[in-house]
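I opened this model to look up its charged pairs, its ligand site and a few backbone details. The entries below follow the order in which I went through them.

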Amino acid sequence: MGSGRYPGLAVDLGKLRHNIDMVKRACDDNGVEIAGVIKGCTGLTECARQFAEAGCRFIASSRLEQLEHLRENGIATPLMMIRVPMLSEAADVVRITDISLNSEIEVLRALNEEAGKQDRKHQVILMADLGDLREGFWDREEITEAALITERELQNLELAGVGTNLGCYGAVAATAEKLNELVACAEDIESRIGRKLEFISGGATSSLPRILEGDLPPRINMLRLGEGILLAADLQELWGYDMSFLHKDVFTLRAEVIEVKDKPSHPVGEIMFDAFGNRPVYEDRGIRKRALIAVGKVDYAFCEDLVPADKGVVVLGASSDHTILDIQDAERDIKVGDILEFRPHYSNLVYLSSSPNVEIVYI
Ligand SMILES: *Cc1c(COP(=O)(O)O)cnc(C)c1O
């Protein structure tokens with residue numbers, strides 16, 4: 001249960017499991033398997049275990065160290081490397097993981113060679129860039145060619161399928177039309193290799209709307225899901241979907257109040273630079289009741305993304321180790337020593353879950 005040190009990150013494993021089960025049920029109904037993406041919480045083993053116990057087909061991360069840690073801690077679910085591998089980590093990709101996403105023939109050849117040395121089979125999914133402009137083959141001929149080479153020459157690899165990623169860099173929506181392009185790409189490859197591909201991996205949380213709206217192309221049979229299960233925030237807050245069937249508070253930041261005082265809302269003196277070299281502008285709202293809590297940007301990076309659990313509490317700003325709150329309109333009386341709670345966003349969670357200063361508490 002933890003030693004009651006603050007700041008803390010409370011992780012409600014029961015709520016996480018609920019979210020996984022609900023999303024998995026919807027995916028099952030659509031013939032879609034889940035790669036549970038745990039990079040958002042820095043690969044916390046206990047979170048990964050929930051994905052494993054819920055029966056997700058893969059557990060996935062962008063970082064090999066996280067996947068290796070899971071293997072060492074007895075997670076038996078097949079592991080997926082979702083950031084296209086560095087050439088220099090080919091041996092570790094083969095040693096640690098079962099399947100990886102790829103976009104370079106040179107890396108595929110290196111994986112093949114390493115798989116041969118280690119006497120292992122390694123599955124690969126070839127990534128098609130459909131316009132989001134992050135990873136993936138751009139040229140349709142080039143991906144087909146890479147598929148043919150993998151199938152015919154790279155004997156230690158198994159061409160498991162094709163995939164795409166949308167809505168990460170280019171903010172391109174995963175429409176049915178985009179995903180049909182991926183299916184067409186897969187079918188092109190299938191006609192050339194003379195067999196069906198096992199997986200057509202249709203993206204991340206940003207592809208979940210296709211399941212919610214019932215227009216996922218039938219041949220898409222895998223999604224790689226992180227945020228939509230861990231936090232369930234973006235589809236509700238940005239896209240306006242009703243995600244009330246999922247818990248939004250799997251993760252809670254807890255921090256202790258170290259100062260409560262009435263102070264002016266506008267700094268007093270000549271305004272120059274803050275702790276990060278910025279020259280900020282402050283609104284003068286007169287004297288306000290403020291609280292300081294003992295947690296800062298070192299722990300969560302972006303204070304504007306924290307959502308206070310207490311009504312009327314407003315995050316004004318932060319430096320490395322302090323967060324400054326306006327508590328003038330808080331519904332309860334906040335005192336030194338009180339513990340305040342906040343809901344982190346994805347941008348906060350990766351820092352909170354990996355900070356040595358933040359105690360992780362499972363509830
Ligand atoms: C991070 C990532 C995912 C998961 O994204 P979410 O938005 O957290 O669901 C899936 N695929 C790839 C390639 C990723 O990098």
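**Entry 1: salt bridges**

I began with E89, which is buried at a relative accessible area of 7%, where buried stands for under 20% relative accessible area, exposed for over 50% and partly exposed for what lies in between, with a 1.4 Å probe and protein chains only. E89 forms a salt bridge with R83, and the closest N and O atoms of the two are 2.4 Å apart; the term asks for a side-chain nitrogen of Lys or Arg within 4 Å of a carboxyl oxygen of Asp or Glu. R83 itself counts as partly exposed, at 28% relative accessibility.

I noted for the record that this is a predicted model, in which local features need pLDDT of at least 70 and side-chain atom pairs count only at pLDDT 80 or more, while totals for chains, interfaces and linings use all residues. Residues are numbered from 1 along each chain as its sequence is written, and side-chain values use heavy atoms, with hydrogens and water left out.

Next I looked up K24, which forms a salt bridge with D28, the closest N and O atoms being 3.2 Å apart. Because they stand four residues apart in helix α1 (residues 13-29), K24 and D28 are separated by about one helical turn; helices (H or I, at least four residues) and strands (E, at least two) are DSSP runs, numbered from the N terminus. K24 is buried, with a relative accessible area of 17%, whereas D28 is partly exposed at 44%.

I then turned to R343, which forms a salt bridge with E237, with 3.2 Å between the closest N and O atoms. This pair links distant parts of the chain, since R343 belongs to strand β15 (residues 339-343) and E237 to helix α10 (residues 234-237), 106 residues apart. Both partners are partly exposed, R343 with a relative accessible area of 21% and E237 with one of 44%. A search of the whole structure finds 28 salt bridges.

**Entry 2: the ligand site**

Which residues are closest to the ligand? I listed K39, T205, R224, G226 and E227 as the closest of the 14 residues that surround the ligand, a residue being near when one of its heavy atoms lies within 4 Å.

For polar contacts I used pairs of N or O atoms within 3.5 Å; within protein, one atom must be able to donate a hydrogen and the other to accept it, and residues adjacent in sequence count only if both atoms are side-chain atoms. A polar side-chain atom of R134 lies 2.9 Å from an oxygen atom of the ligand, and a polar side-chain atom of N165 lies 3.3 Å from a ligand nitrogen atom. From the backbone, a polar atom of G226 is 2.9 Å from an oxygen atom of the ligand. The protein covers 91% of the 390 Å² of accessible area that the ligand has on its own, an area that comes from the Shrake-Rupley method with a 1.4 Å probe.

**Entry 3: a buried serine**

Is S206 buried or exposed? S206 is buried, with a relative accessible area of 16%, and is found in the loop between β8 (199-201) and α8 (208-212). A polar atom of the S206 side chain lies 3.0 Å from the backbone oxygen of L166.

**Entry 4: backbone details**

Most residues other than glycine have a negative phi, and most peptide bonds are trans. With that in mind I noted L133, which is not a glycine but has a positive phi of about 65°, in the loop between β6 (122-127) and α6 (140-153). A301, also a residue other than glycine, has a positive phi near 70°; A301 lies in the loop between α11 (297-300) and β12 (307-308) and is buried, with a relative accessible area of 16%. A cis peptide bond, with omega about 0°, joins Y6 and P7, and P7 lies in the segment before β1 (8-11).

**Entry 5: the whole protein**

The C-alpha atoms fill a box of roughly 75 × 40 × 40 Å, taken along the principal axes.
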